[in-house]
Amino acid sequence: MSYIKTLTLTFLLTLACFAHAQPSELAPELAVFKPYLGTWQADFKVADNKPKIQDVGIWERALNGQAIHTKHSINEGEYGGESMIFWDREQQSLVFYYFTTAGFYTKGTMKVLSPTQFVAYETVTGSKEGITKVKSISDYKDGEFIVSTSYLKKGEWTKPEKRIYTRSDKQVIFK
């Protein structure tokens with residue numbers, strides 16, 4: 001009798017797990033993002049006399065695999081943002097919106113450069129720092145991803161800033 005109860009309980013638990021499991025498929029146009037899914041962190045390079053800066057972000061499958069949702073926070077909520085990345089059939093392009101805790105937002109497009117690399121072009125609205133455009137290149141390699149970002153600030157492009165993200169178990173925090 002105990003054997004039958006154990007077998008039945010195991011079957012029901014397995015069935016429940018399958019019922020609540022989410023498929024991991026992404027729309028084919030979003031395949032480049034599959035290795036980016038999960039939680040990441042980067043510790044920015046700063047001068048010795050400056051406070052440390054840590055960015056924690058999570059990339060998630062959204063809208064039944066038709067979009068990617070990202071959110072991140074710097075220094076446990078000093079700054080943060082969320083974005084949605086999706087394939088725009090009309091534009092035949094990857095498109096995204098990024099909204100921030102600083103009150104500005106961006107709209108951009110992405111171009112896939114390789115199966116693990118993409119470039120993003122953003123137009124910024126509402127930046128108090130005079131930033132009007134952003135260009136970043138992301139490359140997933142050997143279990144981490146490297147982002148190189150330049151800003152069009154007051155009419156001039158900044159030198160690219162490089163950040164290396166590694167897997168993390170930290171939480172994205174908003175205040």
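Q: How many salt bridges are there by this rule?
A: The count comes to 2. Keep in mind that this is a predicted model.

Q: Which residue does K141 form a salt bridge with?
A: K141 pairs with D139. The closest N and O atoms are 3.9 Å apart. That pair makes the list because the cut-off is within 4 Å.

Q: And what about R163, which partner does it have in a salt bridge?
A: R163 forms a salt bridge with E161. There the closest N and O atoms are 2.4 Å apart.

Q: Why would such side chains pair?
A: Opposite charges can pair when the charged atoms come close.

Q: Is D139 buried or exposed?
A: D139 is buried, at 16% relative accessibility.

Q: Where does R163 fall, buried or exposed?
A: R163 counts as buried, at 18% relative accessibility. That follows because buried means under 20%. E161 is partly exposed at 33%.

Q: Switching to pockets. What volume does the largest pocket have?
A: About 1100 Å³.

Q: Which residues lie nearest its centre?
A: H72, Y79, Y98, E122 and Y151. The lining of the largest pocket has 40 residues.

Q: What classes are in the lining of the largest pocket?
A: It has 22 nonpolar, 10 polar and 8 charged residues.

Q: Which strand gives the most to that lining?
A: Strand 4, with 5 residues.

Q: OK, strand 4. Which strand does it pair with, over 8 bridges?
A: Strand 3, in the antiparallel sense. One of the bridges joins I74 to Y79 in strand 4. Y79 is also among the residues nearest the centre of the largest pocket.

Q: What sits in the turn between strand 3 and strand 4?
A: The two strands form a hairpin with 4 residues between them. N75 in that turn has a positive phi of about 50°.

Q: Why is strand 3 largely enclosed by the rest of the structure?
A: Because 7 of its 8 residues are buried. Strand 3 covers residues 67–74.

Q: How many bridges join strand 2 to strand 3?
A: 8 bridges, and the two strands run antiparallel. Strand 2 spans residues 54–62. E60 has H69 in strand 3 as its bridge partner.

Q: Which residue takes a positive phi in the hairpin of strand 2 and strand 3?
A: L63, near 50°. That hairpin has 4 residues between the strands.

Q: New topic: F86. Where is it placed?
A: F86 is in strand 4, which runs over residues 79–88. F86 is partly exposed, with a relative accessible area of 26%.

Q: What is F86 in contact with, leaving aside neighbours within four places in sequence?
A: L30, Q66, A67, S93, L94, V95 and Y97.

Q: How many residues apart in sequence are F86 and L30?
A: They are 56 residues apart. In space the C-alpha atoms are 7.4 Å apart.

Q: Now S93. Which strand is it in?
A: S93 lies in strand 5, residues 93–100. At 15% relative accessibility, S93 is buried.

Q: What does S93 touch, not counting residues up to four places away in sequence?
A: F86, W87, D88, T109 and M110.

Technical notes. Residues are numbered from 1 along each chain as its sequence is written. This is a predicted model: local features need pLDDT of at least 70, side-chain atom pairs count only at pLDDT 80 or more; totals for chains, interfaces and linings use all residues. Side-chain values use heavy atoms; hydrogens and water are left out. Buried means under 20% relative accessible area, exposed over 50%, partly exposed in between (1.4 Å probe, protein chains only). Contact means heavy atoms within 4.5 Å. A salt bridge is a side-chain nitrogen of Lys or Arg within 4 Å of a carboxyl oxygen of Asp or Glu. On a 1 Å grid over the protein atoms alone, a cavity is a set of points where a 1.4 Å probe fits but cannot get out, and a pocket is an open set with protein on both sides within 12 Å along at least five of seven lines; lining residues have an atom within 4 Å of a point. Grid points are joined across faces, edges and corners, and a volume is the space filled by probe spheres set on the points. Ala, Val, Leu, Ile, Met, Phe, Trp, Tyr, Cys and Pro count as nonpolar, Asp, Glu, Lys and Arg as charged, and the others, Gly among them, as polar. Two strands pair if DSSP finds at least two bridges between them.
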